[in-house]
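I opened the model to take notes on its fold and its charged side chains. My entries follow the order in which I looked things up.

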Amino acid sequence: MECSGELDLDQVPRLDAALRDTLAVRSAPPVLLVDLGAVTFMDSTGLNALPRARIEAERQGTTLHLARPSASVARILELTGADHVFPVDPHVPAPRAAR
């Protein structure tokens, strides 16, 4: 899942809905990757959406990973300690080949 633009009060409901839709499928993925590389701004509303999403994902047996946070988002994650709560990948991992 890719996020772009501002992750703020106006946009968080869209993120919440997208995460809910992704987790609502019968076979939720074991890992849900949220690509933050194109996020230009994140306020406290955006930051608070991430733990809520993590809790909901864990209820479904899914681990929420954050990937490629932009410099400003990475700084917010670092200042708030969220970078210790979420697995943060500096790159989007390549898809695994089917076995």
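**Entry 1: the chain as a whole**

I note at the outset that this is a predicted model. I looked up the secondary structure of the protein chain and found 3 helices and 4 strands. I then read the elements from the N terminus, and they run β-α-β-α-β-α-β.

I checked the overall dimensions next. The C-alpha trace spans about 40 × 25 × 20 Å along its principal axes. The radius of gyration is 13 Å, which agrees with the value near 13 Å for a compact globule of 99 residues.

Which share of the 99 residues is buried? I read 30%. I also looked at contacts with a separation of 6 or more, and 74% of them join residues 24 or more positions apart.

**Entry 2: surface and charge**

I looked up the accessible surface of the protein chain, which comes to about 6300 Å². Carbon and sulfur atoms hold 53% of that surface. For charge, I found 10 positive and 13 negative charges. Their mean positions lie 9 Å apart.

**Entry 3: Asp8**

I went to Asp8, in the loop between strand E1 (2-7) and helix H1 (12-24). Is Asp8 buried or exposed? Asp8 is buried, yet has no salt bridge. I looked for the nearest side chain of opposite charge and found Arg14, 9.0 Å away. A salt bridge needs a nitrogen within 4 Å of a carboxyl oxygen. Leaving aside neighbours within four places in sequence, I list Phe41, Asp43 and Thr45 as the contacts of Asp8.

**Entry 4: Gln60**

I moved on to Gln60, in the loop between helix H2 (44-59) and strand E3 (63-67). Its relative accessibility is 38%, so Gln60 counts as partly exposed. Beyond neighbours within four places in sequence, Gln60 is in contact with Leu23 and Ala28. I also took the C-alpha distance from Gln60 to Val25, which is 9.9 Å across 35 residues of sequence.

**Entry 5: salt bridges**

I reminded myself that side chains of opposite charge can pair when their charged atoms come close. How many salt bridges does the structure hold? I read 5. I wrote up some of them.

The side chains of Arg52 and Asp16 meet at 3.2 Å, N to O. Arg52 lies in helix H2 and Asp16 in helix H1, so this pair ties together parts 36 residues apart in sequence. Arg52 is partly exposed at 43% relative accessible area, and Asp16 is partly exposed at 21%.

I then looked at Asp35 and Arg68, a salt bridge whose closest N and O atoms are 3.1 Å apart. The pair links distant parts of the chain, 33 residues apart. Asp35 sits in strand E2 (residues 31-42), and Arg68 sits in the loop between E3 and helix H3 (71-80). Asp35 has a relative accessible area of 9%, so I log Asp35 as buried. Arg68, at 33%, counts as partly exposed.

Where do Glu56 and Arg59 lie? Both lie in helix H2, 3 residues apart, about one turn of the helix. Glu56 is partly exposed at 29% relative accessibility, whereas Arg59 is exposed at 63%.

Technical notes. Residues are numbered from 1 along each chain as its sequence is written. This is a predicted model: local features need pLDDT of at least 70, side-chain atom pairs count only at pLDDT 80 or more; totals for chains, interfaces and linings use all residues. Side-chain values use heavy atoms; hydrogens and water are left out. Helices (H or I, at least four residues) and strands (E, at least two) are DSSP runs, numbered from the N terminus. The radius of gyration is taken over C-alpha atoms; the globule rule is 2.2 Å times the number of residues to the power 0.38. Buried means under 20% relative accessible area, exposed over 50%, partly exposed in between (1.4 Å probe, protein chains only). Contact means heavy atoms within 4.5 Å. Accessible areas come from the Shrake-Rupley method with a 1.4 Å probe; for residues, only the protein chains shown count as cover. Lys and Arg count as positive and Asp and Glu as negative; His and the chain ends are not counted. The place of a charge is taken as NZ of Lys, CZ of Arg, CG of Asp or CD of Glu.
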